[in-house]
Amino acid sequence: MIDRLDADLIALLTEEPRLGIFEASRRLGVARGTVQARLDRLQRTGVVKDFAPTIDSHRLGFPVTAFVTAEITQSDLSVVEHLRAIPEVLEVHTVTGSGDLLIRVVARSNADLQRVIDGILGDSGISRTSTVIALETKIASRSVPLVQAAAED
């Protein structure tokens, strides 16, 4: 699906997202049209989803990160729209195990985290939650190693 050039292009743009096509082609040693065609294909196939800035929630004033496991009533996935309306909810995944949803949230403080959790519980489709607070991020969200491994296959 991707090759070494694709992986190198993704790594380069991950390191320097504001880098232009011309400069990327110069650094990769390929034609500008090749870089543009590769990038267009990676976007069209959904491998590259966006070029949005990466936000540091801590520097934005939300230093607390937590993972909330939620149990929902009778597979009532309508709660997802409720969760989407809570700004501090960053991700929601359906999961296996004791809960139904795994929710990554941020908060301004531990006291504020209680407000966020109360907001999550504000939907009758959520019957119970369990929360784990992250103390420190050892490996931040990343994709380049995965892209490199995919290119090697």
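Q: How many bridges join E1 to E3?
A: 7 bridges join them, and the two strands run antiparallel. This is a predicted model, by the way.

Q: Which residue in E3 is the bridge partner of valine 68?
A: Isoleucine 103.

Q: And how many bridges does E1 form with E4?
A: There are 8, again in the antiparallel sense. E1 covers residues 64–72. Alanine 66 faces isoleucine 133 of E4. Alanine 70 has threonine 129 as its bridge partner in E4.

Q: What holds paired strands together in general?
A: Strands of a sheet pair through backbone hydrogen bonds.

Q: What is the strand order in the whole sheet?
A: E2-E3-E1-E4, an open sheet of 4 strands with antiparallel pairing. Strand E2 (89–94) and strand E4 (126–134) each have a single partner strand, so one side of each lacks a neighbour in the sheet. On average, neighbouring strands are turned by 20° against each other, direction ignored.

Q: Which helix lies across the sheet strands?
A: Helix H5, residues 110–120. H5 lies across E1, E2, E3 and E4, and runs at about 140° to E3.

Q: Switching to the surface. Which residues make the nonpolar patch?
A: Phe67, Val95, Leu102 and Val132. The patch is about 290 Å². Valine 95 sits in the loop between E2 and E3.

Q: Now charges. How many salt bridges are there?
A: The structure holds 15. One of them joins arginine 128 and glutamate 71, with the closest N and O atoms 3.6 Å apart. This pair links distant parts of the chain: arginine 128 is in strand E4, glutamate 71 in strand E1, 57 residues apart. Glutamate 71 is partly exposed, at 25% relative accessible area.

Q: What about helix H4?
A: Glutamate 81 and arginine 84 form a salt bridge, with N and O 3.3 Å apart at the closest. They lie 3 residues apart in H4 (residues 79–84).

Q: Are those two buried or exposed?
A: Both glutamate 81 and arginine 84 are exposed.

Q: Which residues are linked in a salt-bridge network?
A: Asp3, Asp6, Arg38 and Arg41.

Terms used: Residues numbered from 1 in each chain as written. Predicted model: local features only at pLDDT ≥ 70, side-chain atom pairs only at ≥ 80, totals over all residues. Heavy atoms only, no water. Pairing = 2+ DSSP bridges. Axes fitted to C-alpha atoms, helices over the stretch in contact; angles between N-to-C directions. Contact = heavy atoms within 4.5 Å. Patch = residues over 30% accessible without salt bridge, like charges linked within 9 Å, V, L, I, M, F, W, Y side chains within 5 Å. Areas by Shrake-Rupley, 256 points an atom, 1.4 Å probe, with all protein chains shown as cover. Salt bridge = Lys/Arg side-chain N within 4 Å of Asp/Glu carboxyl O. Buried < 20%, exposed > 50% of the residue type's maximum accessible area, 1.4 Å probe, protein only.
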